[in-house]
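Trainee: I would like a close look at one part of this protein. Please take me through the pockets, step by step.

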Amino acid sequence: MHNRQSWENRLNNQQFCSWSVINGERYFAKDGGKLPVINPATCSVLTEVTACQKADIDEAVHSARRTFDSGIWSGQPLQVRKAALLRLSQLILEHKEELALLESASMGKPVMDALNGDIPGAAHVIAWYAESIDKIYGEVAPTPPGSLATITREPIGVVAAIVPWNFPLDIAAWKVGPALAAGNSVILKPSENAPFTAIRLAELALEAGLPPGVLNVVTGSGIEAGAALGKHQDIDVVTFTGSTTVGKAFMAYSGESNLKQVWLECGGKSANIIFANCRNLDEAAEKAAFGICFNQGEVCSANSRLLVERSIYPAFIEALLSKLHAWQPMHPLEPQARMGAMVTSAHKEKVLGFIATALEQGGELLTGGTACEIEASGNYISPTVIKIRDENAALWREEVFGPVLAVKVFDEEPEAIQSANKHIYALAASVWTDDLNQAHRVARKLNAGTVSVNTVDALDVTVPFGGNRQSGFGRDLSLHAFDKFTKLKTTWLALR
């Protein structure tokens with residue numbers, strides 16, 4: 001039974017990893033540096049995790065390169081890699097309660113969301129890529145008679161995967177799954193705010209049969225460990241999910257070092273467009289509430305810009321505000337919680353700053369706008385809706401990463417499309433309409449990596465996820481993810 005007391009008992013008995021994993025062994029930074037990991041729901045320190053520096057990153061890269069070059073993983077038959085990754089997927093499921101608790105305790109999300117969504121989702125992604133790798137074929141080019149040209153995919157080498165704190169294990173699986181399946185060695189760097197599930201993933205990978213050095217995990221700050229990975233001369237690929245500012249830094253690091261490939265999934269400010277011919281406004285309102293409140297709004301593709309056609313605006317806003325009552329924050333270990341704590345006190349203050357600025361710039365507060373205290377922790381923010389005065393408002397332009405929705409009224413379809421597209425980010429968008437022609441027409445004109453029609457934030461391992469403009473480039477998920485972690489080789493034979 002998963003009740004509050006059972007989760008509290010697990011938390012009290014939980015051992016929190018304080019180490020990195022390099023070459024199959026627990027590893028501690030050479031200089032002895034540590035970083036505290038704080039539970040945002042209690043403001044208490046869970047443990048101090050070793051803080052890797054450049055010298056430690058060198059150890060991880062050396063291990064990964066040596067393992068890759070040995071062929072102990074990269075040269076294995078596909079069926080061997082497949083079997084090990086399927087075993088890893090199963091181990092994730094066997095440890096789902098532990099992993100869910102580690103995610104919730106470190107970054108504040110409702111533990112049941114982690115248990116029912118994040119952890120099985122990560123296991124499914126690992127299994128999907130394990131099953132995919134022996135179903136990808138090479139090509140034969142249409143060359144002139146007397147010649148044969150084959151085009152094959154090979155593992156690219158050493159991959160550095162830098163992942164954020166909002167979906168620590170899920171996004172790690174998005175990157176580690178295809179990279180390992182393709183035969184690469186991977187160095188995974190989790191956020192210093194939520195490192196535990198990445199460490200456990202490395203330990204479970206060893207138990208599943210992956211050779212030491214194939215999956216190394218380095219903990220530490222982005223400024224130290226992350227930058228050292230970005231600048232390293234012997235890393236072939238960096239795949240990063242996080243802020244656009246840091247993504248730009250990784251592009252610069254590549255130019256300063258070895259021109260390693262850099263694949264980015266960065267910020268977002270997704271538009272959710274509600275047209276008057278949407279027949280089910282109640283469902284649209286329910287999904288709009290979900291789109292801004294799920295995971296405390298700490299989602300890169302959160303539907304944080306709401307565009308509502310004028311004729312339905314009063315009715316829709318009334319329905320939306322009613323739906324938001326069910327999204328009031330609760331302690332993350334409460335089984336019925338839908339929103340938990342913001343990841344850190346500093347991040348909470350940042351979100352509150354966006355709210356204050358929006359009101360100073362003429363925004364109309366429709367609901368929320370305040371922090372609240374739950375069991376002596378003030379790291380909670382109530383769902384907030386603000387009608388902006390114009391599109392120059394910071395709330396409309398900048399990624400907040402919290403449960404704060406900016407609302408704007410529109411009159412005509414072209415106006416809605418222009419408002420949605422007039423932005424530096426182009427990660428996702430949603431459209432609500434029962435006119436099939438309009439759905440196709442608007443979806444085609446929206447600049448976004450994913451357009452969801454009559455739902456929000458549609459996602460599955462079978463379809464690519466990523467954005468355009470300053471939301472980044474390259475795609476996670478689907479078979480297209482292999483493009484990041486493989487290199488093409490042409491072999492031309494002159495027949496005689």
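How many Å³ of space lie in the largest pocket?

Mentor: This is a predicted model, so keep that in mind throughout. The largest pocket holds about 980 Å³ of space. Rolling a probe the size of a water molecule over the atoms shows where empty space is left.

The lining of the largest pocket is made of 41 residues. Find its centre, and the nearest lining residues are W165, F240, G242, S243 and V246. Four elements each give at least two residues to it: α8 (222-231), β10 (237-241), α9 (244-256) and α12 (345-360). Helix α9 gives the most, with seven residues.

Move on to the second largest pocket. About 580 Å³ of space lies there. Its lining has 25 residues, and F167, D170, W174, F294 and L459 are the closest to its centre. Helices α5 (111-132) and α6 (168-181) each supply at least two lining residues. The largest share comes from α5, with seven residues. By type, the lining of the second largest pocket has 13 nonpolar, six polar and six charged residues.

The largest nonpolar core has 79 residues, and L85, L88, I92, Y129, L188 and L210 touch the most other members. Of this core, α5 supplies the largest share, 12 residues. Pick out L210. Leaving aside residues up to four places away in sequence, L210 touches W73, A84, L85, L180 and A205. There is also a second, separate core of 28 residues, with L352, I355, V404 and F410 among them.

Last stop: helix α10, residues 281-293. Its 13 residues reach 18 Å from first C-alpha to last, close to the 18 Å expected at 1.5 Å a residue. Which of its residues are buried? They are L281, A284, A285, A288, A289, G291, I292 and C293. Here is a rule for reading that list. An α-helix has 3.6 residues a turn, so residues three or four places apart point the same way. The buried residues of α10 pack against β12 (271-274), α11 (313-324), β18 (404-410) and β20 (428-432). After α10 comes N295, with a positive phi near 60°.

Definitions and conventions: Residues numbered from 1 in each chain as written. Predicted model: local features only at pLDDT ≥ 70, side-chain atom pairs only at ≥ 80, totals over all residues. Heavy atoms only, no water. 1 Å grid on protein atoms, 1.4 Å probe; cavity = no way out; pocket = protein on both sides within 12 Å on 5 of 7 lines; lining within 4 Å. Points joined across faces, edges and corners; volume = space filled by probe spheres on them. Nonpolar A, V, L, I, M, F, W, Y, C, P; charged D, E, K, R; others polar. Expected span 1.5 Å × (residues − 1). Buried < 20%, exposed > 50% of the residue type's maximum accessible area, 1.4 Å probe, protein only. Contact = heavy atoms within 4.5 Å. Core = buried A, V, L, I, M, F, W, Y, C linked by side-chain atoms within 4.5 Å.
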